[in-house]
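Thank you for making time for this. I would like to walk you through one structure, looking at how its side chains sit against one another.

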Amino acid sequence: MKRRNSPGIEPPGKMLGLEVNHDTFERLNIAGVPVPASNELKNSAKNADLAMEWDEEWLDMEFEGKDRNFTLDLSTWKRCKVLNVEYVGNTLVKVTLQEKRSKEKAVCHLLPPWNTIEGVEPGLIISVLATKLHADSDYFVVNGDCGFFVVDPDILVSGTTVVSSLFCQRRGVLQELYRISGLENTQMVIGTLAHCIFQRCLLDESCKSLEDVQKIAGNILKSRKIISSLYAAQLSIPEAVCLIDPYLKEIDNFLDNHLRHGPAHTRLSRESCAAADKISINEINDIEENIWCHQLGIKGKIDATVSVARDNASKRWEIMPLELKTGRASYSFEHLGQLALYEMMMNLVGHDVSAGLLVYLRDGKCSRVASNRHMKRDLIMLRNEVTRFLTTWMVTNETDNTGCKETLPLRPTLPAPINNERACAKCPYNTVCVALAKHEHGLSINSPKHGFTLIAEEACGHLRNSDIDYFLRWTGLIYLEVKESAKSHSTRSIWNLTPKERSENGWCIGGLTLITPVHSVDDLYYHTFTLNQQSSNHINPDVENNTTLLQNVDMFQVGEYVICSTSKRIAVAAGHVVSHAGNELVVSFERDLSANYSGEQFVLDQNASVKSSGFDLSNLAVLLSNDERMARYRRIIIDREMPTFSDGILCRSMIPKAKEILIKLNRHQKQAALRAAAAESYCLLKGLPGTGKTQTIVGLIRLLSLLGQSVLLTSNTHSAVDNILKRLLPFKELSFIRLGAMDRIDPSIRPFAEPILAEHCDSPEKLAELYGKFQIVAVTCQGTAHAMIAQRVFDYCIVDEATQVFQTSIIRPLLRCKKFLLVGDPDQLPPVVKSPTARSLGAAESLFHRLDQEGSYCILPTQYRMNRILTKLANDFTYDGKLVCGNDVVANATLKLPNLKTVRRIYEVERWLMKAISNQIDLSVINVNTGNTSQLNTSYQKLYGTMPCSGEGRFTKNVPKCTNISEVALIVYICQALLQAGVNHDSIGIIAPFRAQVDLIRNKIRKLDGGRNTASHVASMEMPSDNDMLEGEKEKVKSSGCSIEVNTVDQYQGKDKKIILFSCTKSADLTSASAAIDCDSRKDSSAHDILNDKRRLTVAITRAQEKFIIIGDRATLEAYSTFKQLFNVVNKPSSIHLTDKKDGFEWANAFELLATLSE
């Protein structure tokens, strides 16, 4: 069946067998369940008549549109904010809108079926296209025949999600939210393979025969991506070849019939090109064209964008989306709808599209499909419904009638289930679906014969109420966190702000030129961008010099995910930063941008999308599975079942080897390793700071290897995983494989990375053989969805820094193991949770905290990091005397200042400074009270116009609140004295609670060394000799000046330095009324406020080995209970109160050095 025109395509409502009730404007879905949705008017003539009647009815009414401010033209797409909503009768919704940038207003009438849209209220952001039915009308209209009204357009829903919701909206929403992994089957893998081969053949002009198609297929079957997919589906290459072979013949037939032109294949005549049963493709314009359509709130990737013959009279060709399907030729509304969405999206990004090609490869059918207005309208209305549930899938639970002891904070709210027992029984989301329905807001299914009711017991009968409550509680907490993340800077800025505005905020780099050729390796295309200074200055004319430009390039970290746009079109590709040097940046994408965008200027944006919830939600879904291993883990995680331990895990012959393995561990470490190895379910290891957690983990891994057990090693961060692996390198008998992206893996571990080890695996069998060689597998928690882990059950799982892992993120690796060890310090950093509401409801509780009970843990109290003064501070503040120094050397360690006499001569009158950097052990903790610095900071800002970190730019709006230039000046001044005294750069660490303050300090401190030849203050500073530095360190010093590490508390977790300077940053003018209010609000604020988090302050204190200097305004900080407690345990002799021109202190000296470095 091959069609050219749209008349043969029925309207979507008729195709679905929908009947419209014009009174309620509800429709029945395919299962017969009434749902509020888009409506199909019976025909366009009747629609027009109804529209005229409605317009005439309200013609004489007074509307706000007569106001002179109502000048906004909605006849072109506008992004607006809803100011007012008025419901008039049952047929009209009058909406007052204001355009976001121009502030112009307009009144828009939503007529049937658009008047049924739910959630339209003041404050809502919408995208609208409307028309005036009369030239002199004061309002615009969106009705059945014209216009679109898109709610929450900044939420880009994939076109696939929209059309997959046609049969069951509930499944469409659950599929988008929970994304259960492991659902891939043979049919899906073969479908993906057929797509890859088809697309490659379209691009390859040398593909002239079936043999060429088979050759291309053979090459694709050897690609790493396909081999991994075959391994995941447990398919061999011969099996895949057998299954794909029929498609290869059809691909060859398609190329013969529609694409191949030339000597071997006589070019189709103009007459045959235009014939109804002949479709001639002249050009392949793009493959996997990426479209983000913010007007419609839809995104998608098009299988192929092609040029097709339009008619026989002229030599014109039309651009079309080509959608490839590998199943039977159903011409379903899902398939037709996908092309309709692509048609709308392509027109809005600059193409001229009136139809699309629908190719059913298996049946050899290719049809030209043109969508009609009704189909487009209904799809956008369906998109609005899906978006409403994706944005608000949980609501506050105000009442609880379930009889539960504790009320769940939130309840789900989802589309109604369909009445189809057969479909529900086969649905992979039925357990999640029924579990959510147990407490669902507004869901009422009373019929015992309803299809959903009939499958409920089978889907959830194995679950207890406590299981479902745990699932719902954490689903709600994840929802709150997602909502909070959406409030901050997000991807929507790419289309709502100009490149100049985004650049000023430090969110993007503009003015990039692509250097060709683009290199391809393993289906990835490596693009080298160079920063064109002239073009970048055009985007941001405030940029003064190339140094600032290089700072912007530096904003991207290797491995960071970025969005690539051109000056004409947003989001043409997305990929990862591979490297950057100088003004060049290398980024990998899955498509070659030089093919279609050569010569254009590019913009790279940080991917600031809303926190992904899919991984955490899917982990919860998997935990509900009906099998014994999941039931066992539900008892551990939900019921907090106590662990049990075996006796005599070592046979007599193993004891000598075990003693050799443990010989370097102290008594507590040995006990912990042996107890963990004897765990039958789980064990916790409380490793206090500096107590050798990593050394104990290494000992345990060696012990488990001796016992012949396989180990899954994981943590929340790549660095934590790699730190342990680096300690395993000396033990050659241990072999491990590191899963993950190469650019995120430590260089010393990369030889053991999967991409390197699997480089020559050209079949799934070889890949399986490689994986089977390793008893130790290392990966981050987020990476445990890897196919290798999904197909294997490990004997033991070790989770380092477990107290920092979000509770639901840790579930996936544990479910693949028989027993596990959680390692961490419950008194240090918790999981990162942005939502105050979620934190107050327990979202910051890690699984370590949940399972922490007497009898479940071992403790490591002997530390080898801090001297006795710092140990006492940590004990008095947090650990209640549990920490003990490992030996006298550690206890009495003090700062080494080889040039102390010289420094005393330089700063002989500055007694405060000499006390601050003193190497006396009793002065290992110094509290520098700056006094109130708010006025100083304000004066500096007025003097220099802006805060000096604006070049860094990431937090421009919050700079005054989150920075303190006075503290920066002091830190630079103290660091200069320390360096002059002979302290090595790498021995000094600087911590600040706010990223903006970190950026500001980093911006100044790196100039401290680089400016030593021009600043008299720094003339005497000494650099380490070249012989004392590695090549990489030499380059670091040459390119960035001073190499003192400056970071946030979170980034310093797991690290330590000889000396730590902590900039508290906050200083409020307590004499002003606003500050007094601010002070009161601080006292009542959440205990998890960044400055009121005791665990975060504990981390800062315990990073120092020999000296800890805290710098801040004591009066302001004492409003926080944590700082008040800290100041109470710091000895008075350790305190320095700075008063200008007293004890040799002058603010002028500190600011003079800062100004010198800025020159």
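I will take the nonpolar cores to begin with, then the aromatic rings, and then a helix and a loop residue.

Please keep in mind throughout that what you see is a predicted model. As a general background, nonpolar side chains in soluble globular proteins tend to be buried together. In this model the largest nonpolar core has 143 residues, and the residues with the most contacts inside it are Leu74, Leu97, Val128, Phe149, Tyr178 and Leu822. The helix that gives the most to this core is H15, residues 465-485, which supplies 10 residues. Apart from that core lies another one, of 52 residues, including Ala916, Leu1008, Ile1109 and Leu1154.

If we look at Val128 by itself, and leave aside its neighbours within four places in sequence, we find it in contact with Leu74, Thr76, Trp77, Lys78, Cys80, Leu97, Cys108, Val142, Phe148 and Phe149.

Let me turn to the aromatic rings, for which the count comes to 22 pairs. Elsewhere, ring pairs link Tyr907, Trp912, Tyr940, Tyr973, Phe1145, Trp1147 and Phe1151 into a cluster.

Rings also meet charges here: the charged end of Lys1055 sits over the ring of Tyr1052, 5.8 Å from its centre, while the charged end of Lys1094 sits over the ring of Phe877, at 5.2 Å from the ring centre.

Next comes helix H26, residues 718-728, whose buried residues are His718, Ala720, Val721, Asp722, Ile724, Leu725 and Leu728.

Finally, consider Thr413, which is placed in the loop between strand E16 (410-412) and helix H12 (421-426). Is Thr413 buried or exposed? Its relative accessibility is 14%, and because buried means under 20%, Thr413 counts as buried. Not counting residues up to four places away in sequence, Thr413 touches Phe389, Thr392, Trp393, Met394, Val395, Glu440 and His441.

Note on methods
Residues numbered from 1 in each chain as written. Predicted model: local features only at pLDDT ≥ 70, side-chain atom pairs only at ≥ 80, totals over all residues. Heavy atoms only, no water. Buried < 20%, exposed > 50% of the residue type's maximum accessible area, 1.4 Å probe, protein only. Helix = DSSP H or I, 4+ residues; strand = E, 2+ residues; numbered from the N terminus. Core = buried A, V, L, I, M, F, W, Y, C linked by side-chain atoms within 4.5 Å. Contact = heavy atoms within 4.5 Å. Phe/Tyr/Trp six-rings, centres within 6.5 Å; stacked < 30°, edge-to-face > 60°. Lys NZ or Arg CZ within 6 Å of the ring centre and 35° of its normal.
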